[in-house]
Amino acid sequence: MFLLELQTNDMHAALGRLLDQTRVAGLRLAAVSARADASECRISASIDIDDRDIIDRLVRRVGALFCIDAIEVRGECQCPTRTSQMTP
C-alpha cells in the first residue's frame, strides 16, 4: 500500500488527473481525501499495490500536470520520500 500526497493550487484538475491516471494504470484506490486552506490544496490517496516502479510511473504522469506543486510518496514503512517538485 502506498500513500500519495499532492500539493496543488487547482484541486479539481489535480484530482481528475489522479483519478484518470490510476484508472488507466488499472490501480485500485483504497481511499482518497482532499483538504484546502486559503491558497493550497492537499490531496491524499492510498493505492493498494506493492510495486514501487508502477507508483513511480504514476507519479511522473500525474506530476506532469502544471498545477501540481509537489508529490510525496509513502510506502508501508510510512517514511516520506519526495519524488517530484514542480514549479509553475
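**View 1. The largest nonpolar core of this predicted model has 20 residues.** A nonpolar core is a set of buried Ala, Val, Leu, Ile, Met, Phe, Trp, Tyr and Cys residues joined through side-chain atoms within 4.5 Å, where buried means under 20% relative accessible area with a 1.4 Å probe, counting protein chains only. Leu4, Leu6 and Ile55 are the residues with the most contacts inside this core, and at least two of its residues come from each of β1 (2-8), α1 (11-25), β3, α2 (52-63) and β4 (68-74).

**View 2. Leucine 6 and the residues it touches.** Leaving aside residues up to four places away in sequence, leucine 6 touches Leu18, Cys41, Arg42, Ile43, Val62, Ile68, Ala70 and Ile71, a contact being heavy atoms within 4.5 Å.

**View 3. Strands β2 and β3 form a hairpin, with four residues between them.** Strand β2 (residues 29-36) pairs with strand β3 (residues 41-47) in the antiparallel sense over seven bridges; two strands count as paired if DSSP finds at least two bridges between them. Leucine 29 stands opposite isoleucine 47 in β3.

**View 4. The elements of the protein run β-α-β-β-α-β-β from the N terminus on.** The protein has two helices and five strands, which are DSSP runs numbered from the N terminus (helices: H or I, at least four residues; strands: E, at least two).

**Notes.** Residues are numbered from 1 along each chain as its sequence is written. Because the model is predicted, local features need pLDDT of at least 70 and side-chain atom pairs count only at pLDDT 80 or more, while totals for chains, interfaces and linings use all residues, and side-chain values use heavy atoms, with hydrogens and water left out.

Notes:
Buried means under 20% relative accessible area, exposed over 50%, partly exposed in between (1.4 Å probe, protein chains only).
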